[in-house]
Amino acid sequence: MKNKIINALSFDVEEWFHNTNMEKYVKRSEWDGYESRIERNIEPILSLLETKKTLATFFILGWVAQRHPDMVKRIAEKGHEIATHGWSHMRAYQQSPDEFEAELKKSINTLKNITGQSVLGHRAACFSITPDSQWVIDVLLRNGIMYDSSIYPVMHDKYGMIGSPRFPYVLRQEKGQRLLEFPLATYKFLKINIPVAGGGYFRLYPYSFTRLCINKLNQDGYPAMVYLHPPEFDTNQPKIKIDPINKFRIYVGINNNLKKLKQLLEDFKFAPVKEVLFSNIER
Ligand SMILES: [Zn+2]
């Protein structure tokens, strides 16, 4: 039987060639030359969610939304939440605050123009709110963002903020404005936070381990934040020549991933991020 905690389900909507592990090999200026697969990647996910009567949050990259407005509209019309994943997939700490803000505004406006709805949520490319990019918080607040989900309380070469809270919290409150944070799910083992329930970790770990971790969080009374990327289900995506470590990071477990997601939706309850967050932290 499912436990009664409602977890958050999210998808970062980007193309297969936007993967950060490919950035050394795929030039930003050449993105438009690669085959777009996002529309075909999103379909099996939307139909699985429909079958399982589950709604989720889609953090959509502005670059993708601009090229696929009908897809964005279709996701929104199914009742899912549309949130922003920025514009160019540059990591926040690689940008100046002005560059970041310009891209954030552009992505919010693009999504709003397509769906007619306000954009409440934000996820930085590659979870790039780190000790080096704390200025992002001010930028999000002054652009009307109400929650963020980019802070990963783990150690990693590209992201992470060790020691930050593991569960939903008020990230900043000032002048009547409030920004909430919903960190990515972790499992605490011997004082170490292990990343679970998302991306490569979800593909890499046996499903039984993911289930155990989410169960533990839920038994302790906390919701898990699950994040996935549509290309992570695409077994036919073009393969480019890359080094073995990044190759492993990108392709491990892809074949089995849709089956795992189906099982996850059968074992746990999920809702869009805003719903889970606002019911866990009083408005
Ligand atoms: Zn991303």
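**Note on the predicted model: aromatic pairs, core and pocket**

1. Phenylalanine 17 is buried, with a relative accessible area of 3%; buried means under 20% relative accessible area, exposed over 50% and partly exposed in between, with a 1.4 Å probe and protein chains only. The model is predicted, so local features need pLDDT of at least 70 and side-chain atom pairs count only at pLDDT 80 or more, while totals for chains, interfaces and linings use all residues. Residues are numbered from 1 along each chain as its sequence is written, and side-chain values use heavy atoms, with hydrogens and water left out.

2. The whole structure contains 19 aromatic pairs. Rings of Phe, Tyr and Trp (its six-membered ring) pair if their centres lie within 6.5 Å; planes under 30 degrees apart count as stacked, over 60 as edge-to-face and the rest as tilted. Phenylalanine 17 and tryptophan 31 form a tilted pair, 6.3 Å centre to centre with 55° between the planes. Both residues of this pair are buried.

3. The rings of phenylalanine 17 and tyrosine 34 are stacked, because their centres are 5.4 Å apart and their planes are at 25°. Both residues lie in the loop between strand 1 and helix 1, so the pair ties together parts 17 residues apart in sequence. Helices (H or I, at least four residues) and strands (E, at least two) are DSSP runs, numbered from the N terminus. Tyrosine 34 counts as partly exposed, at 25% relative accessibility.

4. Elsewhere, ring pairs link Phe127, Tyr152, Tyr159, Tyr187, Tyr201, Tyr205, Phe209 and Tyr227 into a cluster.

5. The largest pocket has a volume of about 610 Å³. A pocket is an open set of points on a 1 Å grid over the protein atoms alone, where a 1.4 Å probe fits, with protein on both sides within 12 Å along at least five of seven lines; lining residues have an atom within 4 Å of a point. Grid points are joined across faces, edges and corners, and the volume is the space filled by probe spheres set on the points. Of the 32 lining residues, Asn19, Asn21, Gly200, Arg203 and Arg249 are the closest to the centre. Helix 6 gives the most to the lining, with five residues.
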